[in-house]
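Dear colleague,

Please find below the structure that I am handing over to you. My notes on its aromatic rings follow.

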Amino acid sequence: GHTDIFSPYGSGGFVGQGELDGLHAALEHLARDEGWVASYLIRHPTLGVDEPRETSHVSYIMPLKGDLLALMSPRRRAQVRKTTLDLVTDEALTIPAFLELYDQHLARVDASPVYHFGSSTLMRWCEHPQIHLLGARGAGGEIESVVMVAEGDCGEYLLMAANSSGKRWAAPLLYQGFLLLQRRGCPEVNLGGGIRGHDGVAEFKRRFGARPTPTFRCREIFDSERYDALCSRAGVGSADTAYFPAYHQRREEAA
């Protein structure tokens, strides 16, 4: 019977154009009008908005100006240069290949449940005019790997789907995705972060020449009285910050 707001997985948080000063005050005003209890919002790492925030995790932002190969680590540059890629950009081929490979990919890498998107969601992304899919064919002529990138004021590396053979195409295929975004006028691209801090996934992204950039989370209580009451009802302390809003913690543990 009470409302809080949050950024769902995959959301970059606030978007806007023009002068964004005063956004936080406007959000607080809206929260009071709507009767919201609390909020947990993610802020895109490249969006400059003045608001209470704390670092959530590190994302890797890669500039898309000039020679992209020159930005890469020597090892990554050599890897990309020596790979002969049979590139596929026809969406009549890449979309069905991506949908077929995606579940295989999740199972192979033992992906977190947050990546298990429904087929309708994946299809809507595939068909979005600002989202592009690039595939790589193996020696047998079948598409073994597909990457999904999105254009915008900051491009986004969204998803990859590959079979066990197709993982070898990851770096050169992403490079082609970055070249596509560069041609589309994107000044930079967000590669996202690692799974756990500065792990192998993060290092893979850093070697493209991407800079570590903090992604912020904004946790705020708009109605402290109701927040405390909901925490009490859930049997958790309102000062507990390990999970926010704290009163959802028991429900998530039960799930």
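A residue is called buried if its relative accessible area is under 20%, exposed if over 50%, and partly exposed in between (1.4 Å probe, protein chains only). By this definition Phe244 is buried, because its relative accessible area is 13%. Tyr227 is buried as well, with a value of 1%.

Please note that this is a predicted model, in which local features need pLDDT of at least 70, side-chain atom pairs count only at pLDDT 80 or more, and totals for chains, interfaces and linings use all residues. Residues are numbered from 1 along each chain as its sequence is written, and side-chain values use heavy atoms, with hydrogens and water left out.

The structure contains 6 aromatic pairs. Rings of Phe, Tyr and Trp (its six-membered ring) pair if their centres lie within 6.5 Å; planes under 30 degrees apart count as stacked, over 60 as edge-to-face and the rest as tilted. One of the pairs joins Phe98 and Tyr102: the planes stand at 35° and the centres are 5.4 Å apart, so this pair is tilted. Both residues are buried.

Tyr227 and Phe244 make a stacked pair, with 25° between the planes and 5.8 Å from centre to centre.

Ring pairs also join Phe178, Phe204 and Phe208 into a cluster. Over the ring of Phe208 sits the charged end of Arg76, 4.4 Å from the ring centre; this term requires NZ of Lys or CZ of Arg within 6 Å of the ring centre and within 35 degrees of the ring normal.

Yours sincerely
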